[in-house]
Amino acid sequence: MKLIQHYGLTLVELLIGLTLGIILIWGGIQIFVAGQHAYRESQRFSVLQGHVSFVTDSLLNDVRGASAVDLNASFDMLTINQGAAVITYQLTNGTELHRALTGEAAAVIADNIQSILFNCLDADSLVVACVNAVTLETQVQLETGDADYSRQHQFTFRIALRNVVMTQKFAVAASGG
């Protein structure tokens, strides 16, 4: 009797090959999805860093040269007096932080801001009237991401009211204290 040789794959070999192929394709898709997620996170943090940096730099420059600062009753609008110039920071349209200089139109310096609060602090970090303050504390909460995936971030920073501190220091030195 003559043996018949079969060429090709058996059903078991074919199923094993398909299973291994599916596992490899699934792994490749997972790597691609993870790479896209990492890219989105990187972009989100880049936007966050840009907003935070611009807001802090703007406030820092304006507050350090202030002769006086003032807050509204809800602590969400800051008015900075720099001699003849008056600068106002305020959250408008629900999510836009505006900076307005005397005689100029308000400019949006950051968007996606959920809330902003200002506090005037004394040397012991207690909240006081701005006339007696040596530090301005700013709390900003903002949102990054898109409709499908968003996160809220909150940061707090303090800025010394340099002119006020120097005035108080020289007043103490002049009085012999």
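Is Thr138 buried or exposed in this structure? Thr138 is buried, because its relative accessible area is 0%, and buried means under 20%. The model is a predicted one. The report starts with the overall form and then returns to single residues.

**Overall form**

The protein contains two helices and eight strands. Read from the N terminus, the order of these elements is α-β-β-β-β-β-β-β-β-α. The radius of gyration is 30 Å, while the globule rule gives 16 Å for 177 residues, so the protein is more spread out than a compact globule. Along the principal axes, the C-alpha atoms fill a box of roughly 125 × 40 × 25 Å.

Of the 177 residues, 26% are buried. The protein exposes about 11,700 Å², and 61% of this area comes from carbon and sulfur atoms. Contacts between residues at least 6 apart in sequence can also be sorted by separation: 39% of them join residues at least 24 apart.

**Confidence**

The average pLDDT of the protein is 85, and 91% of the residues score at least 70. Confidence is highest in helix H1, with a mean of 91. Confidence is lowest in helix H2, residues 162-174, with a mean of 63.

**Helix H1**

Helix H1 covers residues 11-64, and Ile22 is found in it. Ile22 counts as exposed because its relative accessibility is 56%, and exposed means over 50%. Between Ile22 and Glu143 there are 121 residues of sequence separation and a C-alpha to C-alpha distance of 39 Å.

Val33 also has its place in helix H1. With a relative accessible area of 43%, Val33 is partly exposed. Val33 and Gly83 are 50 residues apart along the chain, and their C-alpha atoms are separated by 55 Å.

**Two buried threonines in strands**

Thr79 lies in strand S2, which spans residues 77-82. Thr79 is buried, since its relative accessible area is 18%. Not counting residues up to four places away in sequence, Thr79 touches Ala68, Val69, Asp70, Val86, Ile87 and Thr88.

Thr138, the residue of the opening question, is found in strand S7. Strand S7 runs over residues 135-145. Which residues does Thr138 contact, leaving aside its neighbours within four places in sequence? Thr138 is in contact with Leu59, Ile116, Leu117, Phe118, Phe155, Thr156 and Phe157. Thr138 and Ile159 are 21 residues apart in sequence, with their C-alpha atoms 8.2 Å apart in space.

**Two loop residues with positive phi**

Asn112 has a positive phi of about 65 degrees, although Asn112 is not a glycine. Asn112 is found in the loop between strand S5 (107-110) and strand S6 (113-121). At 32% relative accessibility, Asn112 counts as partly exposed.

Ser125 is likewise not a glycine and has a positive phi of about 65 degrees. The place of Ser125 is in the loop between S6 and strand S7. Ser125 is partly exposed, with a relative accessible area of 36%.

**Accessibility of the residues discussed**

The table lists the residues described above with their relative accessible areas.

| Residue | Relative accessible area | Class |
|---|---|---|
| Ile22 | 56% | exposed |
| Val33 | 43% | partly exposed |
| Thr79 | 18% | buried |
| Asn112 | 32% | partly exposed |
| Ser125 | 36% | partly exposed |
| Thr138 | 0% | buried |

Note on methods. Residues are numbered from 1 along each chain as its sequence is written. This is a predicted model: local features need pLDDT of at least 70, side-chain atom pairs count only at pLDDT 80 or more; totals for chains, interfaces and linings use all residues. Side-chain values use heavy atoms; hydrogens and water are left out. Helices (H or I, at least four residues) and strands (E, at least two) are DSSP runs, numbered from the N terminus. The radius of gyration is taken over C-alpha atoms; the globule rule is 2.2 Å times the number of residues to the power 0.38. Buried means under 20% relative accessible area, exposed over 50%, partly exposed in between (1.4 Å probe, protein chains only). Contact means heavy atoms within 4.5 Å. Accessible areas come from the Shrake-Rupley method with a 1.4 Å probe; for residues, only the protein chains shown count as cover. pLDDT is the predictor's confidence in each residue, from 0 to 100.
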